[in-house]
Amino acid sequence: MHSTSTEIEDLYRQHGPALLLFAIAMTGARSSAQDAVQQVFVRLLERGLGGVVHAKAYLYRCVRNAVLNSTKAHERNVALDEDTPWFDVLNRDFTEELSLRRGLRALPSEQRQVVVLRVWCGLTYAETASLLEISANTVASRYRYALEKLREAMGAREDSCADARR
Amino acid sequence: MRRWGLGRIPVQMHADDERFEVYLKQFRPRQPEPLPNERRTRVTRPAFALGACATTAAVAVIAIALMMRHGPKLNHSADGAEHGYVEPATISQPLTIYKANALLAHAPSLKAAMDLMAFHPQSAQWPKNQQSVLFVLSKEKN
């Protein structure tokens, strides 16, 4: 399958934000995450998608590999970037975004990756398991623990959950 | 409570977790930086380099043509000189590499050419109350 640059740019527009968030969850720093995501897409622009059938799964795997390769070269477990927002700010409520970001930062890396992949990247348990090379049960338990910790960290924001449902 | 049938171990999900999940999904990850358009720049780079080379070549050809045209005229301007020989009196303008080459090529001897290059007539006229620094210094030595 020959992919045009327009197709790849469409994929970037469609999956770029979630891929970037996943890379941030892995690296902890927006700049290195951005580098990894762009590196993947620039390579795709040069070589095309080839015979890839499931583009989304392929993109997540590529980004994961790019991050792992870059962190091999640099330092693992770098301090997480505290200043750069990870999410768009809702209703100009900066504290809400900050609270979520702090909650995510406080999670262990494995749990953070799982919760990001499930909630914002829209991957299923099976897809997440395949990507992270762990069992689906491990994904599910990590996800549950992550949500629990995140809810505790964002305790003051629980009222918003009810608002979200209305 | 919702059950996820994953393998042999069922995973339970509380209603609170589901609500919290909905709340979290409200947040939208930020847009990444736009892609650097590597491929386009790679395509345009050779075209640009080719254009630049062509322009440089054209400029060089024009410059050579102009030099060929104006070269003999300069030599002829030296009045009565054979083979474009330049008399000392005619070198009132600054010495350029082009003029030095012409002198070396057409002067009767190397010494004559060097003399022509070395001894330029002083064309600059100083006002009455001003003097050349070189003139003052040479005077002090004497």
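Modeller: Gladly, and a term to begin with: axes are lines fitted to C-alpha atoms, for helices over the stretch in contact, and angles run from 0 to 180 degrees between N-to-C directions. Helices (H or I, at least four residues) and strands (E, at least two) are DSSP runs, numbered from the N terminus. This is a predicted model, where local features need pLDDT of at least 70 and side-chain atom pairs count only at pLDDT 80 or more, while totals for chains, interfaces and linings use all residues. Residues are numbered from 1 along each chain as its sequence is written, and chains are lettered from A and ligands numbered from 1 in the order in which they are written.

Biologist: Thanks! At what angle do the axes of helix H3 and helix H4 of chain B cross?

Modeller: H3 of chain B covers residues 97-106 and H4 of chain B covers residues 110-118. Their axes come within 8 Å of each other, and the crossing angle is roughly 155°.

Biologist: How are H3(B) and H4(B) oriented to each other?

Modeller: Angles under 35 degrees count as roughly parallel, over 145 as roughly antiparallel, 65 to 115 as roughly perpendicular and the rest as oblique. With a crossing of roughly 155°, H3(B) and H4(B) are therefore roughly antiparallel.

Biologist: Which residues of H4(B) are met by H3(B)?

Modeller: Contact here is judged by C-beta atoms, placed from the backbone, lying within 7 Å. From H3(B) come Ala100(B), Leu103(B) and Leu104(B), and in H4(B) they meet Ala113(B), Leu116(B) and Met117(B).

Biologist: Over to chain A: how many helices does chain A have?

Modeller: Read along the sequence, the pattern of chain A is α-α-α-α-α-α-α-α. There are zero strands in chain A, and the helices come to eight.

Biologist: Is Ala129(A) buried or exposed?

Modeller: Ala129(A) sits in helix H6 of chain A, residues 125-132. A residue is buried if 20 or more other C-beta atoms lie within 10 Å of its own, exposed if 12 or fewer, and partly exposed in between, with C-beta atoms placed from the backbone. Because Ala129(A) has 21 C-beta neighbours inside 10 Å, Ala129(A) counts as buried.

Biologist: And which helix gives the largest share of the side of chain A that touches chain B?

Modeller: In total, 35 residues of chain A are in contact with 25 residues of chain B. Helices H1 (5-27), H2 (30-47), H7 (136-153) and H8 (158-165) of chain A each supply at least two residues of that side. The largest share, eight residues, comes from H1(A).

Notes:
Contact = placed C-beta atoms within 7 Å.
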